[in-house]
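Subject: Structure handover

Hello,

Here is the structure for your files. My notes follow below it.

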Amino acid sequence: MTTFRTDLASPAQIKKSSICSSEDLSNHRHPAIAACSVTMAFQSGNQHFHVLRDINLAVEKGDVQLLMGPSGSGKTTLLSILAGLLTPTAGKVFLLGEEITKMSRTKLAKFRLHNIGFIFQGFNLFPALTAIQNVEVALNIKGIKGKIAKKEAIALLEQVGLGDKIDRHPKELSGGQKQRVAIARALAGSPQLIMADEPTAALDSYSGHAVIELLRRLAKEGGCTVLMVTHDPRIIDVADRILHLEDGMLSQNKTGLDKII
Ligand SMILES: Nc1ncnc2c1ncn2[C@@H]1O[C@H](COP(=O)(O)OP(=O)(O)O)[C@@H](O)[C@H]1O
Ligand SMILES: [Mg+2]
């Protein structure tokens, strides 16, 4: 039976992290996201080097959880593993109570498509498509087509405050507006999990705040679970929990401020 480390957590976090055995995770008391003893090693020539060591974490439904740490500490690698985009060298990952590390490729692809919204730093919008078309494409992939997709795309763009810019191409939008289109696209099909890698990194202060507020609202009013890699100290205010990754190992505290100041 695998258990989470609780030695680095505050009492409140210990309570949350006490849902920790593989049995519990696959039963009804499961957190939205959980990792059990996740290790990742990459090969360089004949040598293996460890990027992640014995990572244990749990993210409760409806929480905004941050993943912080120095550049190169393994944040993107861990997020990719938790999102089922990379297979860990060892360990288990559970999303919404299902163990994704034992799913077939096809099942995992389908699970990701319907349950996870991804937001990356570089927006990844199609430059030739308008804002609404960018969102419609994401809906189409999820099986939502035609007039219903169009209506849904408009509603999603309105939700991110871009209702008056649906016909603009990415090059006619600011960085913050492009990121909001990327968020609208990530929300297509109402995924329960939002995973974001440095979503505010390229944004000015105003746009950064708008994106942060939107992600907070999705968690607190929309019931989404948000896991976010960030260096942005502004996001700390909206976080329920912060995990720190350093040298491939995890520690956690409530505010993270002691690590930043
Ligand atoms: N596919 C890969 N092959 C080999 N090394 C990798 C690969 N992906 C990441 N790494 C290495 O793993 C370490 C952590 O990278 P990353 O997860 O991108 O860190 P962060 O997002 O915290 O900056 C770095 O040393 C990086 O070079
Ligand atoms: Mg990274």
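Of the 261 residues of the chain, 41% count as buried, meaning that 20 or more other C-beta atoms lie within 10 Å of the residue's own, with C-beta atoms placed from the backbone (12 or fewer is exposed, and in between is partly exposed). This is a predicted model: local features need pLDDT of at least 70 and side-chain atom pairs count only at pLDDT 80 or more, while totals for chains, interfaces and linings use all residues. Residues are numbered from 1 along each chain as its sequence is written, and chains are lettered from A and ligands numbered from 1 in the order in which they are written.

The chain has nine helices and 10 strands, taken as DSSP runs numbered from the N terminus (helices: H or I, at least four residues; strands: E, at least two).

Helix H7 (residues 175–186) is largely enclosed by the rest of the structure, because 10 of its 12 residues are buried. Among them are Val181, Ala182 and Ile183. The buried residues of H7 pack against strands S6 (116–119) and S7 (193–197) and helices H5 (131–141), H6 (146–159) and H8 (205–220), where contact means C-beta atoms, placed from the backbone, within 7 Å.

Ligand 1 is surrounded by Phe42, Val51, Gly69, Ser71, Gly72, Ser73, Gly74, Lys75, Thr76 and Thr77; a residue is near if its C-beta atom, placed from the backbone, lies within 6 Å. Helix H3 (residues 75–82) gives the largest share of this shell, three residues.

Regards

Key. Contact = placed C-beta atoms within 7 Å.
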